[in-house]
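Welcome, and thank you for joining this short tour. Please have your viewer ready and follow the stops in order.

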Amino acid sequence: MDISPDGKLVGVNDKQIFEVDPYQSLCVNKGEAPSPYIAYLGFAISPIGDMYLSDSSTLKKINSDGSLIESNHYVGDVSEVSGIDFSTDGQLYGVSRIKGLKLVKIDPSSANVSVVADLNIENDDKSYFYDIDIDSFNNIRVFSSKTDLMYVFDLSGKLLKTVKLQQPNNTGEIGRAHV
C-alpha cells in the first residue's frame, strides 16, 4: 500500500487495485490488476501520483484503475527487485534479494537499476523481505516476515535501528513495538 498525493491509501493484490478508508473499514475496488494472479512484491506512488508495481522482474506503470501504461524488465546492476517506494525528492528506490539484500535506485522510465548499497542484515533470511516504505524523513523501512523485525536505513544504506514487532495476541490486538 501507499498514500497518493491527495491523501488516499491505495493498495494492490494479485487481482485488483483498491482504495482503503481505514476510518470506515472500507475497501473500494478501483480496477483489476494489470496481470491478474501475478504476485506483486512492490507498489509505489510517486509524489506526482504515478503508480508503479514490481513483480520481481518487471516494473509496471499503471493508471489508477489498474490499466497498464508501460511495462519494462529490470536491467542494469540487478535484474530482480521486490519492494519499491519513492523518496521525498521523487527518486524511486527498491530492494533486491539477489546475492544478499541490496538497496537500489531505479529509473522509472527505463527500469534501469543501480546498486546504492548492501543492506547489512545479519542472521535474517533475505528471502523474507518484500515491500519497503520510505517515510517523510527519507528513512527506508524493511520488514522481515520471518523474524518480525523491521530494519530502518537511511538512503545511503546505513542501518539506523532495528525494531522488534509483536504478533497479534489471541484477541487480535497488536502489542506495542519494542524499539
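**Stop one: an open sheet**

Begin with four strands that form an open sheet in the order 5-6-7-8, paired in the antiparallel sense. Strands here are DSSP runs (E, at least two residues), numbered from the N terminus, and two of them pair if DSSP finds at least two bridges between them. This is a predicted model, in which local features need pLDDT of at least 70 and side-chain atom pairs count only at pLDDT 80 or more, while totals for chains, interfaces and linings use all residues. Residues are numbered from 1 along each chain as its sequence is written, and side-chain values use heavy atoms, leaving out hydrogens and water.

Now select strand 5 (42–45) and strand 8 (68–73), the edge strands, each pairing on one side only. Next, pick strand 6 (residues 51–54) and strand 7 (residues 58–62), an antiparallel pair with four bridges. Look for Ser 54, which stands opposite Leu 59 of strand 7.

**Stop two: Ser 96**

Move on to Ser 96 in strand 11. Is Ser 96 buried or exposed? Ser 96 is buried (under 20% relative accessible area, with a 1.4 Å probe and protein chains only), as its relative accessible area is 0%. Show its surroundings: beyond residues up to four places away in sequence, Ser 96 touches Val 78, Glu 80, Val 81, Leu 101, Lys 102 and Val 104, where contact means heavy atoms within 4.5 Å.

**Stop three: Val 142**

Finally, select Val 142. Setting aside neighbours within four places in sequence, its contacts include Val 95, Leu 101, Phe 129 and Phe 153.

Technical notes: Buried < 20%, exposed > 50% of the residue type's maximum accessible area, 1.4 Å probe, protein only.
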